[in-house]
Amino acid sequence: MKLFFWRKKSIEGLKTAMTRDEILRRSRILIVDDESPDLIDDLKKAHFSVDYVKDITNENLELIDRPLYDLMILDYGNVGSDFGSDQGLSLLKHAKRVNPSLVVLAYTSKSLPSSQADFYRMSDGILSKDAGIGESMEKIEEALKKAFDVKNLWLGFLHAAAVAPGSETDLMWQNLFIEGVSNQNKMKKFRMKAMGFFSGDNSKQIGIAILEKLVEISLKTLIG
Amino acid sequence: MISFENIAKLSPLPIIDLDNMAMPNDGIVISLNETCRRYFKNNNKCKEFYQNIAHSDVMGKIVQCPAGFSCFKTSLANRRVAFIGFIPYPRMGGARERELAKKHSDVKIQADYVAKIASNIMRTIEDFVKIEFDILKRNSSALHEIRKLNRNIKQTAERWCRELKPTNPDAADIRLVKIWKTSEIMSHQFDVIELLANRDLTQLPLNSTIELYKLIDKCFRIYASADVDDRMNLHCTPGYHPVILACDKTLPIIPTVLIENALKYSIPDRAIRVDVMQDNSYCLVSVTNKCYNKNLPDKTVFEGVRFSPNIEGSGYGLFLASLVAKQHNATIELKTRPGNSGIANCEFIIKFKTTN
């Protein structure tokens with residue numbers, strides 16, 4: 001008698017094979033810092049698409065509440081006062097709550113007290129303000145790779161669809177998505193089903209944007 | 001980190017370091033008596049007794065030693081120590097103790113007073129640590145402003161080098177490169193000071209991946225520019241690109257401290273070698289230098305103790321590097337080999353678990 005082992009397909013086994021140029025062409029970076037850093041010019045010279053704001057307030061909230069950016073480079077001091085008393089940390093908490101797939105680099109060279117160390121913990125990486133130019137570019141490219149990583153986008157997608165990671169629904173959807181990677185018709189079906197899953201205006205917008213990105217990236221995805 | 005020597009300076013009774021067994025220190029009120037000193041020097045039973053005390057569950061208790069004196073095991077500043085060479089009152093009992101009590105009336109002490117001594121020393125150490133941290137924190141905010149100025153120098157110099165030599169900025173005008181690399185060294189010094197003031201940074205998660213060789217190469221290049229005698233060599237297994245999970249805020253401190261120390265302690269005309277090697281799923285980074293026998297470090301260098309008072313430095317570098325290594329689930333091993341000609345070999349090996 002033959003024994004058949006059926007293994008559930010998992011997002012963990014997927015790898016995005018996007019080139020540096022593709023990532024550079026598709027990505028958008030937002031810098032939030034009360035003092036305009038020279039890094040903006042360095043990034044522009046290196047052909048990154050970068051926008052800069054002094055702060056995120058209730059007036060320009062759509063910059064992070066909508067999925068416009070792939071990476072936010074966030075200062076700690078003198079920003080985010082509309083979100084709480086913890087400056088950059090309050091803003092980071094809000095950004096991660098509404099759009100967890102947004103990759104955030106903590107951009108400071110300040111020595112933060114232990115009560116504020118969550119600013120480092122919750123971010124996706126640390127870019128010291130006094131890092132060298134070459135080093136900064138490398139870290140930013142690394143962060144953008146994460147922004148286009150299937151696993152990171154999947155977590156954002158689950159969050160927008162209010163599905164718990166590791167749940168039955170998550171595993172079922174992972175299966176559908178992975179089948180779609182090698183079969184475009186199945187990917188269309190997955191997309192249609194997923195579209196109807198989002199509720200609430202904001203999470204719908206973010207969810208659809210992440211979903212579009214996932215579908216687009218699936219063309220560049222390899223099953224490992 | 002308070003050294004055992006500093007703890008001993010606060011102790012009224014003779015005291016022994018149970019983690020690093022050596023001749024006990026005198027107390028500031030009661031000196032180590034000759035009987036104890038002789039026993040410790042000539043009698044292995046004495047050393048064995050304290051080795052057993054180190055590992056047995058007698059914390060906060062008075063125990064009689066083979067010579068007939070008593071000892072009291074306690075923990076001060078995260079170190080296991082024991083007050084020794086006293087006779088408690090009321091006595092523990094035994095003919096030997098009775099005889100010693102007659103002979104050494106100056107070492108008699110009320111039994112419950114020993115625990116009070118320990119807690120008084122502990123409180124003094126805590127106050128000392130608080131003051132030390134407070135000073136470091138104030139310094140840290142002041143240094144932030146200097147750090148900003150250094151950032152301007154560093155980034156301007158680097159931009160200029162990149163404009164002059166876009167494909168190889170390290171090969172730009174040597175004077176400009178010198179400014180750039182010197183300010184890089186300054187940045188690393190600020191990182192060390194920051195970590196000293198805020199050791200919680202070693203609790204941060206490892207949420208980045210770092211190509212270890214790239215980092216070592218970067219640190220190597222920075223310090224190579226400061227090495228006027230051109231003694232530094234970097235070697236790596238060909239085609240080896242180790243990647244590790246890391247905290248990018250703290251990891252650079254390890255290679256920085258080790259390379260800087262090698263430069264500082266090395267004999268002027270002797271080579272300093274940095275190796276990056278594969279050991280199955282681990283990456284070994286080794287920093288080797290030659291130094292004079294008298295400057296040869298021992299394992300206390302990881303405890304924030306200065307081992308060579310003739311050479312400038314805080315003594316905290318390797319202590320911080322060991323904290324960062326622990327954060328990265330890595331280990332730092334020290335291998336030393338004194339030489340006959342007065343010149344010794346000193347090697348630090350760090351072992352990182354790789355993800356690739």
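How many residues of domain 1 of chain A are in contact with residues of domain 2 of chain A? The views below are of a predicted model, in which local features need pLDDT of at least 70, side-chain atom pairs count only at pLDDT 80 or more, and totals for chains, interfaces and linings use all residues. Residues are numbered from 1 along each chain as its sequence is written, while chains are lettered from A and ligands numbered from 1 in the order in which they are written.

**View 1. The two domains of chain A.** Chain A is assigned domain 1 (19–147) and domain 2 (150–223), with bounds from an automatic or database domain assignment. Contact joins 10 residues of domain 1 of chain A to 10 residues of domain 2 of chain A (C-beta atoms, placed from the backbone, within 7 Å). The side of domain 1 of chain A that touches domain 2 of chain A comprises five nonpolar, two polar and three charged residues (nonpolar: Ala, Val, Leu, Ile, Met, Phe, Trp, Tyr, Cys and Pro; charged: Asp, Glu, Lys and Arg; polar: the others, Gly among them). Taken over C-alpha atoms, the centres of these domains of chain A are separated by 25 Å.

**View 2. Helix 7 of chain A.** Because nine of the 11 residues of helix 7 (residues 150–160) of chain A are buried, this helix is largely enclosed by the rest of the structure. Helices (H or I, at least four residues) and strands (E, at least two) are DSSP runs, numbered from the N terminus; a buried residue has 20 or more other C-beta atoms within 10 Å of its own, with C-beta atoms placed from the backbone. Among the buried residues are A:Trp154, A:Phe157 and A:His159. A:Ala162, with a positive phi near 55°, follows helix 7 of chain A.

Technical notes: Buried ≥ 20, exposed ≤ 12 C-beta atoms within 10 Å, placed from the backbone. Contact = placed C-beta atoms within 7 Å.
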